[in-house]
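Hi everyone, thanks for coming.

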Amino acid sequence: MGRDAHHKLRAAVSPATIRAAMLCVGVAIVSYNTRELLRACLESLRACTLPLRVVVVDNASRDGSPAMVRESFPEVELIESASNLGFAGGTNRALRALLAGAAPGDRPPAFLLMLNSDTVVQPGAIEALAAFLEAHPRVGAVGPRLLNPDGSTQAAAFRFPTLAMTALDLFPPGEVLPGRLYGSWWHGRYPQERGDEPFPIDHPLGACIMTRPEVLAQVGLLDEGYFMYAEEVDWCLRVRRAGWAIWQVPQARVTHVGGASTSQVRARMLVALYASRLRFFRLHYGVAAARRHARLITAGALRWTLLAWRDYARGRIGREELRARLWAYGAILQNARC
């Protein structure tokens with residue numbers, strides 16, 4: 001971070017801007033077999049200068065994550081689920097616990113942070129997000145500048161899904177469509193991510209979103225009909241339709257590994273991704289748009305099937321990988337027909 005950004009961050013979290021003595025931030029984290037990443041995430045939260053109440057919902061991990069939390073982070077409230085609730089279900093369980101209070105008579109936190117377990121929160125990030133919400137009462141949610149583990153910027157600000165974005169995902173720029181479309185407005189991206197000034201967005205990546213209890217009271221929690229993916233997009237659309245703004249605050253920096261849980265079951269998560277996107281179109285854009293979206297998915301899955309057979313014939317993938325891909329593409333095709 002440059003000198004100017006440091007000055008902006010210090011100004012954003014100054015006592016004049018944020019009522020540190022009164023402010024408490026509730027942190028909702030869902031974990032699924034990410035023990036060491038979760039450890040790094042929780043350790044990073046200890047640098048926050050604001051009072052935090054952290055709730056971790058463990059989605060039936062088998063890697064010892066619950067024991068690690070109990071032993072190394074006694075200040076964290078751990079909820080062990082007997083089954084995998086998915087991201088939305090696990091996050092909602094954590095949010096309900098935060099809103100209910102740790103003890104009778106507790107006030108809910110001033111702000112709530114939905115945070116992935118595969119993140120490392122940089123010093124000052126939570127303070128900067130909270131300060132922005134404190135200073136802008138009509139902003140209902142904020143996201144940080146996300147960084148890859150190597151320090152490069154990770155895309156974290158997006159437009160709401162469109163058919164053009166679906167086409168660009170399925171027929172990637174540079175492979176099928178013109179490469180100049182990659183990372184463009186048509187691809188759902190914001191050129192402002194190259195700068196350091198806060199800017200309004202449609203939605204952030206769900207890895208880190210801070211909001212207000214009153215926003216949740218108005219629009220509700222995450223839709224648990226999404227097991228994985230698109231739940232934050234759905235929620236942000238409801239937030240925007242309720243009249244709240246959503247912004248990215250680049251002075252808040254969070255490192256995000258990405259895909260730590262989903263990579264464990266890659267084929268099933270690909271199916272879940274396109275099922276969730278199709279559900280989003282059906283719920284929010286109507287039958288006609290959902291049908292066009294389904295046709296694009298069908299064309300894309302057929303293309304992937306041909307590419308999988310080509311890669312197998314050329315020895316680039318083995319039989320097991322071919323089987324996994326064909327299963328996933330077949331399931332995507334089946335869902336698109338429903």
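Before I point at anything, a word on naming: helices (H or I, at least four residues) and strands (E, at least two) are DSSP runs, numbered from the N terminus. What you see is a predicted model, where local features need pLDDT of at least 70 and side-chain atom pairs count only at pLDDT 80 or more, while totals for chains, interfaces and linings use all residues. Residues are numbered from 1 along each chain as its sequence is written, and side-chain values use heavy atoms, with hydrogens and water left out.

Let me start with the overall picture. The protein chain contains 11 helices and 12 strands. Of its 338 residues, 50% are buried; here buried means under 20% relative accessible area, exposed over 50%, and partly exposed in between, with a 1.4 Å probe and protein chains only. Now to contacts, meaning heavy atoms within 4.5 Å. Among those in the chain with a separation of 6 or more, 77% join residues 24 or more positions apart.

Next, the interior. In soluble globular proteins, nonpolar side chains tend to be buried together. I call a nonpolar core a set of buried Ala, Val, Leu, Ile, Met, Phe, Trp, Tyr and Cys residues joined through side-chain atoms within 4.5 Å. The largest one here has 40 residues, and Val 55, Trp 235 and Val 239 have the most contacts inside it. Several elements each supply at least two residues of this core, including strand 1 (25-31), strand 2 (52-58), helix 4 (86-100) and helix 10 (287-313). Which helix gives the most to this core? That is helix 4, with six residues.

Leaving aside neighbours within four places in sequence, Val 55 is in contact with Val 27, Ala 28, Ile 29, Glu 77, Ile 79, Ala 94, Ala 97 and Leu 98. Apart from this core lies another, of 37 residues, with Val 25, Phe 73, Val 121 and Ala 128 among them.

On to the aromatics. Rings of Phe, Tyr and Trp (its six-membered ring) pair if their centres lie within 6.5 Å; planes under 30 degrees apart count as stacked, over 60 as edge-to-face and the rest as tilted. A search of the whole structure turns up eight such pairs. Tyr 190 and Phe 199 have ring centres 5.8 Å apart and planes at 45°, so that pair is tilted, and both residues are buried. Phe 280 and Phe 281, by contrast, are edge-to-face, because their planes stand at 75°, with the centres 6.4 Å apart. Phe 280 is buried at a relative accessible area of 1%, and Phe 281 is buried at 2%.

There is also one aromatic cluster formed by Tyr 274, Trp 304 and Tyr 329. Its member Tyr 274 has Arg 277 over its face, at 5.2 Å from the ring centre. For that, NZ of Lys or CZ of Arg must be within 6 Å of the ring centre and within 35 degrees of the ring normal. Arg 138 does likewise over the face of Trp 244, at 4.3 Å from the ring centre.

Cys 48 is buried at 16% relative accessible area, and Cys 208 is buried at 2%.

Gln 251 sits in strand 12 (residues 245-256) and is buried, with a relative accessible area of 7%. Its side chain reaches the backbone oxygen of Asp 196 at 2.4 Å.

Asn 33 is in the loop between strand 1 and helix 2 (35-45) and is buried at 15%. Ala 60 is in the loop between strand 2 and helix 3 (65-72) and is partly exposed at 26%.

Last stop: Arg 337, in helix 11 (residues 319-337), is exposed, with a relative accessible area of 61%. Arg 337 and Ala 294 are 43 residues apart in sequence, yet 7.3 Å apart in space, C-alpha to C-alpha.

Conventions
Polar contact = N/O pair within 3.5 Å; in protein donor to acceptor, adjacent residues only side chain to side chain.
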